[in-house]
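Work through the exercises below with the sequence and the model side by side. Try each task before you read its solution.

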Amino acid sequence: MKPDSVSPRRGLGRRFLIEWIAIGCLGIAVILVCALGRLSGSVDGLIYDRLLMLRSLPLSPDVVVVDIDNQSVSALGRWPWPRDVHARLLDTLARAQPAAVVYDVLFTEPSPEDRAFADAMSHVPTFLPVLLSPEQADGTRAVDPPVAALAARAVGLGHINLEVDRDGIVRSVALFESDGRVRWPQLMVPVYQAIQGGRLHPVGGAPGAHAHDLSRDAAGEGRYLIPFSRNTPAYPTLSFNDVLEGRVKPDALRGKIVVVGVTASGLYDRFATPVSGEFGPLAGVYIHANVLDMLATGSAISPASRAGLFAASLLPLAALLGGFLMLSPWRALLLTLSLAALAVVASMALLFAARIWLSPAPAIFGLVAVYPIWNWRRLEMTMSYLRRELQRLADEPHLLPEAPRTRSVGGDVLERQMALMAQAAQRVQDMKRFVWDSLDSMPEPIFVTDLAGTVLIANHAAKRYGSRLALPLPEGRPLRTALGELTFMKTVDGNVEHDVAIREHWPAVLDPTLEAEHDAMARGIEVRDRDGLDHLLRYAACTNAQGRVTGWIAGLVDVTELHAAERQREEALHLLSHDMRSPQASILALVEIERDRAETDAMRGLLARIERYAHRALSLADEFVQLARAESQVYQLDVTSLVDVLIDASDEVWPQAQAKHIRVDTDVGTDMCWVRADRSLITRAFVNLLNNAVKYSPSGTVITCTLAVEHASKRMFCTIRDRGYGIAPEDQRHLFERFKRFHAGERPEISGSGLGMAFVKTVVTRHGGSVSVDSEVGVGTAVTVSLPAIDEPSA
């Protein structure tokens, strides 16, 4: 993978992660503000109110409301009424024997009728309210209790303060409030305590096992949410005047907790509650009745702590942030909506089942804050990346011819983006068409497969090949099946053992997913189809821009004509090596016979010339055959010591060197210089080099052979240096061409065919080496052969 293609992607990934973390921190901050700062208080209350309206709680049969309504005010006169009216009510109620009377009416001002009212209170258990003023800066509160005469006769006193939220709605009540000196219970708490203590006996009996446990409110205010429901305004209600006038049957009051309160319009004892949206403002008497019901049934709702609300609200946020990393935008939207709905359902379940209010609003606000910002940032990152990549693609020269285009100036950003996208799409379409046309124009069958080896593309030649052999269309079929009719012949490198192994597993080798045969299939194997045509089959891997393999390309080249040409070549070589040698050998034999019969010097000179030309023809034929075979035959590579090769070559040219009194010095060092080579051919190459050095050196000179190994590059260098005639610079570039000879004019006595150096170049190159020449006229020539070295073989 190229670094320049990786770095932008890594930078984008780093930016992606940083923004993901930043958006997560934003969501946490939003939840923190909503949960701890109560920023979402109004939404909390709205959701709470809507959830409460989904259910209808049963009402206690022990509670009856005596309503100071408009009818009573009309009948008894302007409010407030004299205390003797209340005394008469208590006397009437006492005859019906209620369990208790609870007044939601303040009696804080003295009145001449207080004594009569107090005497009436002694006939029935009565509970009176106190009013606490708002808390002062020093933590104290003013208390407005009933007048002393009434307070002394009351069974219990309690505050009637209701908690009004910021939106003006009463949702909670404090069971205990302090004025800085005395801890006052809520008005219904003494009633509930009297019932629990057996001092009051309502018809419904004592509260059950699920009744509220006041011991947990021994300290603090004991603040709870009132469990309003659709039934809250539905308590049995009797008109004050009807009770006073005896128009109510005693059975409707016997054993009941009678709550007396004001509902008449204009008396300002109505409050907005969660049920006010459907039933309007609710009189305080119903709220207090609901508080008593709450205590008796244990249905008080506890608000979750702010820390608990914060922790719980983080869970949907964490799930959404995790989903951002794994889900598509559409699925991320579904996840966001699902998490918001789940938060509401979980809050409702806790509210109804566990009587715990855990608002879903902080969690929803966190989700709502995070989702659009994340999608905006992701869209912006995507657009930025696309814009950069499209611009880079647009700035690059197109590989294919295209019509001139006008570069737009200005305009909308999105319009420019669309123009770049259209250009990129057009280039992709052009490139796709170019690839298709290129594949279809190739004369050889080409198959393109996926990673599983299934053929995706077959060019026209491949389809014609299948049609000729009556095979099904190759697309959609495994390559092994599409080429299964072929018969394996041999591998390109001619390894007999490998050929046997492939033949045993044929046609499984055709499966490109088999890694064991990747090298053999990349070099190529020779196969034959049912019509007897020979083909060279090769596989090549398809890779993407990151270098990852994405599929395979299989090419099937018809080599039938090539094999025929090779056979003709072999026949020609056979002609040269055998049929042309026989006449030359016969000529030499005849020359040898006639030499003994020659009587004149002219005849003997003629026979010598004929013998020399015959030897030259034989040498030319031999060298041509050697060169042709060096170019075409398969080399048998074995582990060989180049030291031994050099010594053998020196021994072979020793007679010629001795004849000219030339000394051949060999410096091979201490390394054995191991190579993988065809020994006979590489030896012949060094024989040719040494032979040339001897032929083109004056008598009495020295030829040096040096051998060195460069371990860093794993190559060895053999230099053969003579002190001969040298080669002119303009001739050196033609040194390895066929039939090129130098010094033929000034040195006619030196024979040669001009094929020896071409043979050296061919053999060295096919061994993975190279040949270089350094020569100066009149000084000498140095020929350096470089070959790849291998490690010393184990014994």
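**Exercise 1. Is R223 buried, partly exposed or exposed, and which residue does R223 pair with in a salt bridge?**

Step 1. Take the accessibility. R223 has 32% relative accessibility, so R223 counts as partly exposed. The scale runs like this: buried is under 20% relative accessible area, exposed is over 50%, and partly exposed is in between (1.4 Å probe, protein chains only).

Step 2. Find the partner. R223 forms a salt bridge with E221, and their closest N and O atoms are 2.1 Å apart. A salt bridge here is a side-chain nitrogen of Lys or Arg within 4 Å of a carboxyl oxygen of Asp or Glu.

Step 3. Check the partner. E221 is partly exposed, at a relative accessible area of 37%.

A note on the source: this is a predicted model, where local features need pLDDT of at least 70 and side-chain atom pairs count only at pLDDT 80 or more, while totals for chains, interfaces and linings use all residues. Residues are numbered from 1 along each chain as its sequence is written, and side-chain values use heavy atoms, with hydrogens and water left out.

**Exercise 2. Which parts of the chain does the salt bridge between K463 and E475 tie together?**

Step 1. Confirm the contact. The closest N and O atoms of K463 and E475 are 3.4 Å apart.

Step 2. K463 lies in helix α15 (residues 460-468) and E475 in the loop between α15 and α16 (479-482), so the pair ties together parts that are 12 residues apart in sequence. Helices (H or I, at least four residues) and strands (E, at least two) are DSSP runs, numbered from the N terminus.

Step 3. K463 is partly exposed at 33%, and E475 is partly exposed at 30%.

**Exercise 3. What kind of aromatic pair do W81 and F240 form?**

Step 1. Apply the rule. Rings of Phe, Tyr and Trp (its six-membered ring) pair if their centres lie within 6.5 Å; planes under 30 degrees apart count as stacked, over 60 as edge-to-face and the rest as tilted. The count comes to nine aromatic pairs.

Step 2. Classify. W81 and F240 are 4.9 Å apart, centre to centre, with 50° between the planes, and the pair is tilted.

Step 3. W81 is in the loop between α3 (70-76) and α4 (83-96), and F240 is in helix α8 (residues 240-244), 159 residues apart.

Step 4. Check burial. Both W81 and F240 are buried.
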